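Morning, everyone. I'd like to talk about charged pairs today. Here is the model.

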Amino acid sequence: MEKKVLAGLAAAGVLVTLGVAARLLPAPRVQLPDEQVEAGPRIVEPMQFLSKGAGLRAGELDAWIAAERKPRFKASREILFTLEGCPGTVEWLDGAEGQRLERLLAELRTGTREEAFAALVLVFRLARATEWKPGLFTTTGREANAERMARLVADWLRAWSERASRDPLLAEPARVAVLVYGRLMRTAQQSPRIGTNAASYERALKTLGDVLGFDSGRRTALGEALQARHPEALRRLVGDSDRLRGLDEDAGTLYPELDGKCGR
């Protein structure tokens, strides 16, 4: 009887030891979608297409566009990647080439994941090639360019954020799109010469709340991904007096040339 008791105590001790050891082991690292390697044909190193040097590879995207859209995509791509002079965003978008681009972007957002990615590439290029940060002597519509540019990013996020956050191709582009949106809308918010633009601020928080879920108490998949990669930016978004600042600063760290002045 005594031997059985001792054996039972020994077994219990082993279980306790194993339980403590298990708690001390580091938690397995969660693999994010953009760290996965897809099989079959794929767009390799997609973040290069969103970088300053995107023009070196932009032509590769033509192969991923549906036949009925390909000529228009190629035309808009060539125009954007050779655009010079840093025109105002609103001025350029309201012209014939800009109107064609906006219609094309709307189509691409309803297409395949690769077409959605191509749409975001064009939006990032537009943000580099047009002026959306008000100058010292800007007197009217100071926030209009930044708001118009931000609307294109917001349209993409509303259409693709939830699917993108689980997609190896689109997961990281979706995260940086959130950062760039924050930079654009913080620029719009701070555009008035005196004070800030409350309407721009509220619109930004509404859009970010929808795509990230931080205001609902239940984060979306994109919100969780942003928390994993940009925790300080999300902390500021939830509880800072300048809630867009963290997104703006992280966007500036990743893309310092994306400054609303065409990198001048």
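Start at Glu-257. Leave aside its neighbours within four places in sequence, and Glu-257 is in contact with Lys-52, Arg-128, Cys-262 and Gly-263. Keep in mind that this is a predicted model. Glu-257 sits in the segment after helix H11, which covers 245–254.

Now, one of those contacts. The side chains of Arg-128 and Glu-257 form a salt bridge, 2.8 Å from N to O. This pair links distant parts of the chain. Arg-128 is in helix H5, residues 113–129, and Glu-257 is in the segment after H11. They are 129 residues apart.

Buried or exposed, Arg-128? Buried: its relative accessibility is 9%, and the cut-off is under 20%. Glu-257 comes in at 15%, so Glu-257 counts as buried too.

How many salt bridges are there by this rule? The count is 25. Let me show you others.

Next, helix H8, residues 198–212. Lys-206 and Asp-210 meet there through their side chains in a salt bridge, at 2.7 Å, N to O. Lys-206 and Asp-210 are four residues apart in that helix, so about one helical turn separates them. Asp-210 is partly exposed, with a relative accessible area of 37%.

Then Arg-236 and Asp-240. Their side chains make a salt bridge of 3.0 Å, N to O. Both Arg-236 and Asp-240 are buried.

Conventions: Residues numbered from 1 in each chain as written. Predicted model: local features only at pLDDT ≥ 70, side-chain atom pairs only at ≥ 80, totals over all residues. Heavy atoms only, no water. Helix = DSSP H or I, 4+ residues; strand = E, 2+ residues; numbered from the N terminus. Contact = heavy atoms within 4.5 Å. Salt bridge = Lys/Arg side-chain N within 4 Å of Asp/Glu carboxyl O. Buried < 20%, exposed > 50% of the residue type's maximum accessible area, 1.4 Å probe, protein only.
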